[in-house]
Amino acid sequence: MKPFKPILVATLMTLSSAISTPAFAAERWQEANFPPPNGGHLVFAIMADGNPGCASYDGASCLWGTRMGDIDFSKVKPLVCGAQHRRLYGVTGFEDPKHWCNLALGPQPATQRPPATPPAPTPTPAPPPPKPPTPAPAPSGPRLTDWSPWGKAAGLDYRYRVRWDPASGGPGKTVEAVYEIRNRGSQRFSGAARSVDCAKGTLWGSTDFALAPGESKEVRVRGPNCGSASNPDIRPNIVRAGKFD
């Protein structure tokens with residue numbers, strides 16, 4: 001390729017602020033290393049009028065030593081060889097055959113394009129919330145409640161707890177009362193451990209027992225559940241033998 005004659009190029013060159021728009025010749029940008037007097041790595045493009053222009057942010061100073069991938073092309077205002085170059089520096093850039101303005105018109109390595117703006121990364125979807133742990137199945141089969149507080153009746157101390165099956169021992173169903181009875185007197189005691197109907201207050205079940213002085217004994221009697229399937233209860237009753245109420 002024949003080099004441009006300085007006078008002819010200077011005559012044909014016109015300076016236009018429009019060539020500094022971000023979209024200008026974006027696909028023609030190249031980068032190459034140039035020798036002195038204006039040497040170094042430079043990103044440049046061949047403008048629409050055929051003259052080279054270097055990447056610049058101010059339209060006056062080439063971005064020497066800056067790689068294409070490091071340039072924000074939306075802010076580039078090229079410094080174009082020819083009239084614009086002469087207005088700033090007194091020469092068009094074509095007077096010296098070794099000036100980058102002349103060398104840029106010669107064969108160059110394969111043209112590179114400015115790096116495309118990478119697409120915004122697709123947000124990683126948030127993991128679904130963990131499922132709540134499956135509650136352990138309630139134990140099946142007969143169970144025992146805790147002991148009731150100690151009570152007093154007919155000169156005895158007693159407490160009780162209920163043995164029941166939650167699956168079949170709901171309100172009004174038959175459960176088993178387990179009494180612990182203690183004779184705190186000085187004489188032998190004969191009597192009965194009883195259960196009472198929840199609503200009517202009448203006798204429902206009864207088991208006889210006898211205790212020597214200071215003796216304790218466990219006595220069991222069946223009765224209706226006056227509580228619930230999960231919290232059963234009975235109406236306890238202890239009487240001395242021969243007493244009926």
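Me: What makes Arg163, Trp164 and Asp165 contacts of Pro142?
Reply: Contact means heavy atoms within 4.5 Å, and Pro142 meets that with Arg163, Trp164 and Asp165, once neighbours within four places in sequence are set aside. Pro142 and Trp164 sit 22 residues apart in sequence, yet their C-alpha atoms are 5.1 Å apart in space. Bear in mind that this is a predicted model, where local features need pLDDT of at least 70, side-chain atom pairs count only at pLDDT 80 or more, and totals for chains, interfaces and linings use all residues. Residues are numbered from 1 along each chain as its sequence is written, and side-chain values use heavy atoms, with hydrogens and water left out.

Me: Why is the stretch holding Pro142 called a loop between helix H3 and strand E5?
Reply: Helices (H or I, at least four residues) and strands (E, at least two) are DSSP runs, numbered from the N terminus. Pro142 lies between two such runs, H3 (100-103) and E5 (143-144).

Me: Why is the set with Tyr179, Ile181, Phe209 and Ile238 called a nonpolar core?
Reply: The term covers buried Ala, Val, Leu, Ile, Met, Phe, Trp, Tyr and Cys residues joined through side-chain atoms within 4.5 Å; buried means under 20% relative accessible area (1.4 Å probe, protein chains only). This one is the largest, at 18 residues, and those four have the most contacts inside it. Strands E7, E8, E9, E10 and E11 each give two or more residues to this core, and E7 gives the most, with 5. A second, separate core has 13 residues, including Phe34 and Trp100.

Notes. Buried < 20%, exposed > 50% of the residue type's maximum accessible area, 1.4 Å probe, protein only.
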